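This briefing concerns the structure shown below.

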Amino acid sequence: MSGYPEETEGGMRKIPSSEERWVVIQKKTFTNWCNEQLRAGGRAVENLDTDFCDGVKVSGNVVVVVVVVVVVVVVVVVVVVVVVVVGGGGGVVVVVVVVVLVALVEALQFKKIGKVYSKPTSRIQMLQNAALALKAIADDKIRLVNIGTEDVVNGNVKLILGLLWHLILRYQISASDSKAPPKRMMLGYFQGALDGVVLNNFTSDWSDGVALHALIEYCKPGTSPNWRRLDRKRRVENCRTAMQLAKDHLNVPWVISAEDFASAEMDELSAMTYLSYFIKKDSPGYYATLNWVCRQLKTTNVSNLTTDWNDGYYMCAVVQSLGGHIPGWPNLDPADKVNNWQTAIDAAKKMGVEPVVTAEEATRPEVDHLAVMAYLSKFMHITPPLPNSERLTLTADLLDVKRGSKTSVVITALDEGVEKSKVKVVVDGPGGWVLDCPVVWRNSVAECSFTPERKGEHTIRVTYCGEEIIGSPVYFKVANDLTNVRFLTPSGECLVGKPFVFKVDLSSVPDSQAHVTVQSQSGDEQTIAAVSREGDILVATFHPSTYGLWTVHVTVDGEEVDEHITVSAIDVNKAFLIGQSSGFVGEVVRCTVNCQDTGCDDVTVDVEYGNSSLDALVTQVNGIHHIEFVPQKPVFHIVKVFVRKLEIRGSPLTVDVVDLQDVKASGEGLRKGVIGKESRFSVEGTDDIEAVIAMVTEQGSPFKARVTDRSAVTLITDLGELKDENDHVVLDFDTEMVLEVDISRAGPGTFTAEMLGPAGKVPVHVNQSTDIAEVGIRTHTEGLHYLHLYWAESPLPFSPILAYCDGPPLPEDAGRVQIRGQGAESARATVEAEFTVDGRKAGPGILRVEMKGVRSNLPVHIHPLKYNRYTCTYTSPYPGGFLLYVYWSGVLVPGCPHKVSITAKGDVSKVKVFGEGLKGGIAGYELKVFVDTREAGPGEVTASCTSSREGARVDVKESEDGIYTLRILPTNPEKHILHVLYDKEHVAESPYTLRIGDPPDSSKVKVFGPGVEDGVIHAFESRFLVETYGAGAGQLAVAHPRATR
């Protein structure tokens, strides 16, 4: 092997006499490539010149012989340096050996190549190692030209670089002996795969970084979506960002720098070395190509780009899917591999795709994946022809088709090749009726018109070349034309319960079925059953059931007629008159007429006394009519009210008018009173107390009595968020808490309060205004406190309020945090687990909880309680082991991490429930039910028992053998529902119904008969009866104590 390596179809290009810039780039690239191969062995090459050709300098009359085993190499390479030092009067030989080429070849070929001197001590041994490596390379069908063991041992860098390129070419780019050179296949693959990028070489067309970004986006869509907008002048930056993306997202090593890749002096071999990481086997490009094939063929059965393609079936499938013609498809003979491939190649040529490999090469098991990738890339941007079903579109607006009306649909041809004579349109009607529907073409658009003569379901089918197009068939319904259906009766009024008759003209739809419904303003709907036909006239009778506006709707054959009428229903029976039964001369008498539920405001009022009448003032607001008149004589006045000339309830109303002269009122009850206590006062001057109690005319009237109502005092402050789980208000140590109380409706009084704590009375500050009282409390004592609240010296209904102080705040100390609960030790998969973190004695810290596992971490939900305590819950989706970390203000709590074992959830279907308690029982008596979980596996049994009034208490007790006992104590004689859950899932047949009866009443048991009467004969059978009717459920027991003498 001679010359500087550049791949051509014939050989290599010689190295220039002076190392130009591109030579330096190639050295660095190949060095980085070597280090990538050597990384697994923990070795590295820093410089091909110095690392492989190092000498040892000695002083005195010493001869230095330096032998360097340059194995430039690639992979687990170890530099071999032999230094022989010869001195006068006796020589000492120092040999330092670093083995390279052998390790590289073994790493590339994945096998041992023979007996190797791992620490050669002589040049002979190094030459033997080099010979062994070169032989292994040649045996693997890599042609070696003009390079021998001496070149390797002497460190001929130029020839070593050439050797390196052939190793890269053989083991990373292409292992095929195909006639198509790898360079051409690589470039062909990139040209086909990267749409919108012009690529003709591996240098200048790549140096601006744009093509590299396009390649990354192709391999992993979404990684560089804006590559088309890149500024081509920012070459180095484009290359750097692309290489970083490739490293982070595609695991492509950075074997060439961005500056070198963007350099005008970059050579093709360096670029091909870096780009080979995108197209080698199992590379990003490899899998991107596989994904394209699977999407194109709508299958996931293609798993590689070599042996899966040998029989030619998938290649034929690709060609066929893109519009090519494969004779006999899909019935191909897998054994006829060469013929299948040749068929695909010939069909592809007609599509403009030239082959990359021959049919014979493609059928070999060792077919080069790069050849298959390059060939497939030529198909990636071919637009397949539309199938017959997609070459036409059908546009139809058939939502409102009427019988007898001309209707049209539109067909549009999407390409010029559509043969219009092969387009067929068929319209089917009900009963097998086929409608005439001619197709009239105007350029690429056809109009198809038809006139339906029957109502009902219709179908339009459009076919092209015998194949139904997408969107066909179209189903639509033809309805009657209801525009001429009209009401012969106008809208009107009707009394509730009375008939309203109306007529509808159906002459335009003589053979139809009509239905009538009425709908009230509130949405209530009724169907009119009283419907008859008089020829083409529909006659219906409606009896409105409630007042208001009713809308009449007519439906013909299921379709509603647009026209409708309304019926205003009036309910006079809902109107009523109320008012004073007594009044005073010269004072206004007021009455009220409520017409809100009548549907009518037509009110007439007459006020009569003796043979005379009196004018009344009538005002109306929202259906309420207010009547006022002023009587002038102390006689009976008669008030009559009519709605639509019909007298209403409460009419006539008699008002007894009196003339007040000497009416007086006195007593304590006119001034004050207390709710719940009797207050008294007296009225003198008339016997009709009811007439004057609110209108007495003496001085000082009307009297205003001040009434105290402590039940009207309410708390404004919401204590719900201030309480702990024991229903105690939480008091912070030495921190004032202010409670607001609404006293606006409590009447006269003074608000007072006092608090009792463990050390006695606690000072309380009260601030009272007209409507609100504020209570300020502050404690310096740990423990339970009682806050008593009073209004007008009477305790309030919600007093006392229980409060608790947890004591003074403590310094933060993660060591005093306590973790409790089964969830901190174990749990079951898919079942929520819980544990608590108690920081009461750890100071005001910030809690952080993490649950870490091997496969994934679990989210932990933290629910804060009072007093620096927290409830933590989590749910594991699978069994396994986790570590629980609890931090208090960033400090790990001692004892953490806790090992938490997640076991499989039990099988709820194997839980068995039994026991006499399932049959029911008696109120006040305990029932027992047993739950057997031995076959179900680990789990938690919970139970509850509910009824319509008050649930029964259920105690769950577990025994050691996996059987749980449920103790149920019902207190009410009614049906109870028992819920039995296993890991929060109902067991089989749960919930259970328990019938609970009345407790037995022995007083209602009756015993009678000769056997309980005197005179029983000795040794003679006696009988008696026990009647338990009405005594409730119970068990009868009879005991006969022996008589004593």
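A search of the whole structure, which is a predicted model, finds 2 cavities of 30 Å³ or more. The second largest cavity, with a volume of about 40 Å³, is described here together with two open sheets, β47-β49-β52-β51 and β23-β25-β29-β28, and the packing of helix α6 against helix α11.

**The second largest cavity**

- The lining of the second largest cavity consists of Leu719, Val729, Leu731, Met737, Leu739, Met755, Ile777, Leu787, Ile801 and Ala803.
- By class, 10 of the lining residues of this cavity are nonpolar, with no polar and no charged residues.
- Three strands, β38 (729–731), β39 (737–742) and β46 (801–805), each contribute at least two residues to the lining of the second largest cavity.

**The sheet containing β47 and β51**

- An open sheet is formed by 4 strands in the order β47-β49-β52-β51, with antiparallel pairing.

- Another open sheet has 4 strands in the order β23-β25-β29-β28, and its pairing is antiparallel.
- Its edge strands, β23 (576–579) and β28 (617–621), each pair on one side only.
- On average, neighbouring strands of this sheet are turned by 20° against each other, direction ignored.
- Strand β23 is connected by 4 bridges to strand β25 (residues 589–594), and these strands run antiparallel.
- Across this pairing, glycine 579 stands opposite cysteine 591 in β25.

**Helix packing**

- Helix α6 (residues 157–173) packs against helix α11 (residues 268–275) at an angle of about 30°, and their axes are 11 Å apart.
- Because of this angle, α6 is roughly parallel to α11, as angles under 35 degrees count as roughly parallel.
- The crossing of α6 and α11 is left-handed.

Definitions and conventions:
Residues numbered from 1 in each chain as written. Predicted model: local features only at pLDDT ≥ 70, side-chain atom pairs only at ≥ 80, totals over all residues. Heavy atoms only, no water. 1 Å grid on protein atoms, 1.4 Å probe; cavity = no way out; pocket = protein on both sides within 12 Å on 5 of 7 lines; lining within 4 Å. Points joined across faces, edges and corners; volume = space filled by probe spheres on them. Nonpolar A, V, L, I, M, F, W, Y, C, P; charged D, E, K, R; others polar. Pairing = 2+ DSSP bridges. Axes fitted to C-alpha atoms, helices over the stretch in contact; angles between N-to-C directions. Parallel < 35°, antiparallel > 145°, perpendicular 65-115°, else oblique. Left-handed = near helix turned anticlockwise from the far one by under 90°.
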